Structures are given as structure tokens and as C-alpha cells.
Amino acid sequence: MDKDLRDARDEYLVRYGGDRLDQIFVRAKGAVVIDDEGREILDFTSGQMCATLGHNHPAIVGAIEEAGRQAYHLFSGMIPDVVAELGRKLAGWMPAPLKKSLFVNTGSESNEAALRMAKMYTGRHEVVALGGSWHGVTGGASSASFASDRKGYGPAMPGSYLIPEPYAYRCPIRHCRDACDTTCMKVGFEMFDMQTRGEGAAVVAEPILSAGGVLVPPEGYHASLREEARKRGMILIFDEAQTAFGRLGTKTAAEKYGAAPDIMSVSKTLGAGLPLAATVTTDAIEEDIAGKGYSHYTSHVADPLPARVGLAVLATLEAENLLDRAVTMGAGLRARLDALQQKYECIGDIRGEGMLLGIELVTDRESRAPDLALGAATTKRCLEMGLSMNIKRRPARGAVWRIAPPLTISEDNLNRGCDILDRALQACLDERAKAPA
Ligand SMILES: Cc1ncc(COP(=O)(O)O)c(C=O)c1O
């Protein structure tokens, strides 16, 4: 254990929210991270839901080395060869008519850019987002994020609206149980119509709401969202930070659900662990806003190092057939989790697609009261047993593990992780049964 650096962490680092682990970490490889005691911990969340290829994939390491030899940063007015190449390559991963990309660094920034595009294109400023959404921490993105962390920062952007999310297991308008009939969306837009000042610019949505609890909308939802936006002269933005580039077994969620947005933001999985993000739109929108003077001129816009990484990520997804692997490994993972649900009453719901799954913990299946304490205790126990799990615990939104291992994880490691989860849950439930009432 590196006590000196653990002390330095406590002394010198700002706490930025979320659960911070006791140990510090020194290395990561494939589906494993290694702490300062040399312990190997299986990573069931691909870092911060980014490392779809696993940690330190040789193709990415090679791309970074090559950038070191060629160029890693340039004057923002100079378009690097690899950025032009990535633009063309990315267009092939997008549903038509999405084609033109702006390359930025983080998910927050890609949404910021998308919202700025929408505002300039429509000449309006109101933005509708879904309850439980998470689009980032910057001004515009955080104003459209409703999962958590809204308090204490002053006013949101003027014209920020929310419609209730399609959370079939815990319906926000107390209307459905287990099967969403999209009344939430209809009611949401009716309420928006009452409140709007007639300045609707965009509807922004994660095709599967991840931080909100891995919520998978019902069939037809995405197309209806697009229709409702259209009716109001608004454009549709999909935030595919987690759903693009293979995790669902398709290139994008838009492809999976057959509903193309007007703008798509992609981030986490495009750099597969390196800070690369993009905002992708149509020829028509790009032409319009360029004519109006659209600006997103930053220090790191179109940098060659992350672009080279992005090219390596897309090439590796293809070369290793990882989209198909997400489907087969995801089915295996789902089967293991379904078996756990048979065994444990506390697993109220399992949902998701491909290798993006959610497990919701409840005190009992009838009341569906969130078991926040069990979620915290089991997550801790998993870590002690060598498995890193990401849990979202909020009284209003339940206790939900987001399970998103690298698409390259071996079957052995996937099974080992599920075994650990099984044993950790059992141990925590046994402990609870023994505890004095
Ligand atoms: C769907 C979604 N959009 C945007 C973001 C923000 O991305 P970043 O943290 O890279 O700014 C996240 C991060 O968790 C996310 O899950």
C-alpha cells in the first residue's frame, strides 16, 4: 500500500463527487485494474463506461506512440490528416443523413456543441430533456441533466424543460407497471406546450438512459420522440456517449432503434478511454450554421492524437468483430444475471441491451422499495472480492448496478465476475439476516 500517495490524495485533491475508493490505482490491462497493493480487480464498468476495447489495448498504445512520432497537437486552424480521415470513417458508422463531425474532448463538450448547433440552426433556445438524464457538467449539458447534481450551482440555462422518462419498473407518472405505453412522453410534451414561450430548439435524449438506471424505452419510443420534436419545429439530439460503437451490438443505438436524430453526440466509447468526443450532424444543418457563423473554436478541437486513437478504436472494433461479440457475450451475461434474479428476491429487475445491463435492487418485489443499503454493502463486498461494480443509489431512482464490461472480456472473466457478484450478494444477505433487528 502506498500510504504516502494515499495521504497526498487526501491532502491535495478536490473531491469531485461519486464514490471514491480507499486504495489508489497504478495500472490497468484488459479487463483488470491493479491497485497500490498489487491486487488485480476485475473491471465490470470499462473504467467510466469508456474502455470498450479493454484497458491499454495494444492498438491504442500503438496509436498514441505513432502520434508521438507524428503530431499530437496543432493550431486549431490546421486540420490534421488523421482528423480528415476520422471524419470520413465516422460518417460510415453513422445512420444517414448524419455525416459531418466536430471533434472535441468530453461528452459534456459534445453535448454543449450539439446544443449550440441546435440553437443556432433553429434560432431558438428552449431544450427538452428526459427525467433521469445525464449529459454532463458544463452549463448547457448540466441544465439538460436531471439524474442528479443540479443543486448549488445557481440558475440553469433559461428554457430548460423536462419530460418524464420511460421507466417502466418505476413509472414516474404512476401510470404503467412493467410495460411503458409512452403516456409519460405524451403528458410531458403537453406540459411543455403549456410552459413554452414558443422557443423550442431541441429535444435531447440518451437512447438508453444510463445514469438514470439503464432505462430501455419501449419499441417505437425513439421514433415518437422524433415526431414530437418535429411537430414543434425542434430538432432531435441523441447522446450516444455509452450506446454508440458496439456496446449494444450495433454501430449506434439510432441504428438499433431505426430512428436517426438530427445531431448525435458521441464520446466515451469513441476514444475507448482517451478523451475524444464528436458532435455529428447533417450536411444541411452544418451548411446552415456555418453560414450563420457557428463557432466552437477551442484549444483542442481537431487534435491529431485523439483522432488517431479514434481511428484505432473503430478499426479494432471491426477487426476483432466486437459488435457481434457484444451480442454473444451480452446474451451470456444476461443469462447469468437472470439466474441470479431467480435466486435472489432482492433483484427486482434486470434490463438493458448487449453489454450494457442494469440490475435494480429492491427490499421486496411487491413494494419495489429501493434497497440502497444492500446495494452499497454488496458493491463494497464485490470490491473486497476483486470485482469493481458501478452502483447508482438514489432514493427516488432506486439502487441500480450498471454492468458494462469491456467487449473484449474473456468468458472466464465474465463468469468469474458473475460468481463474485453471487457470493458477495449472498454474504451481505447472510450478514443482514444475522444482524439484530
Ligand atoms: C450519456 C452521457 N452523456 C454525457 C456524459 C458526460 O460525459 P463526460 O463525463 O465525458 O463529460 C456522460 C458521462 O457519464 C454520459 O453518460
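Author: Happy to, and let's start with the fold that holds the site. In the protein, 72% of the contacts with a separation of 6 or more are between residues 24 or more positions apart; please keep in mind that this is a predicted model. The protein is built with 15 helices and 15 strands, and 55% of its 437 residues count as buried. Its radius of gyration is 22 Å, which agrees with the value near 22 Å that a compact globule of 437 residues would have. Along the principal axes, the C-alpha atoms fill a box of roughly 70 × 55 × 45 Å.

Now to the site itself. Around the ligand you will find T106, G107, S108, N111, W134, H135, G136, E206, D239, A241, Q242 and K268. Sorted by class, this shell has seven polar, three charged and two nonpolar residues. Helix α5, which runs over residues 107-122, gives the most to the shell, with three residues.

At S108, an N or O atom in the side chain is 2.5 Å from an oxygen atom of the ligand. Q242 also uses its side chain: a polar atom there lies 2.8 Å from an oxygen atom of the ligand. W134 takes part through its backbone, where an N or O atom lies 3.2 Å from a nitrogen atom of the ligand. As for cover, the ligand on its own has 390 Å² of accessible area, and the protein covers 82% of that.

Methods. Residues numbered from 1 in each chain as written. Predicted model: local features only at pLDDT ≥ 70, side-chain atom pairs only at ≥ 80, totals over all residues. Heavy atoms only, no water. Near = heavy atom within 4 Å. Polar contact = N/O pair within 3.5 Å; in protein donor to acceptor, adjacent residues only side chain to side chain. Areas by Shrake-Rupley, 256 points an atom, 1.4 Å probe, with all protein chains shown as cover. Helix = DSSP H or I, 4+ residues; strand = E, 2+ residues; numbered from the N terminus. Nonpolar A, V, L, I, M, F, W, Y, C, P; charged D, E, K, R; others polar. Rg over C-alpha atoms; globule rule 2.2 N^0.38 Å. Buried < 20%, exposed > 50% of the residue type's maximum accessible area, 1.4 Å probe, protein only. Contact = heavy atoms within 4.5 Å.
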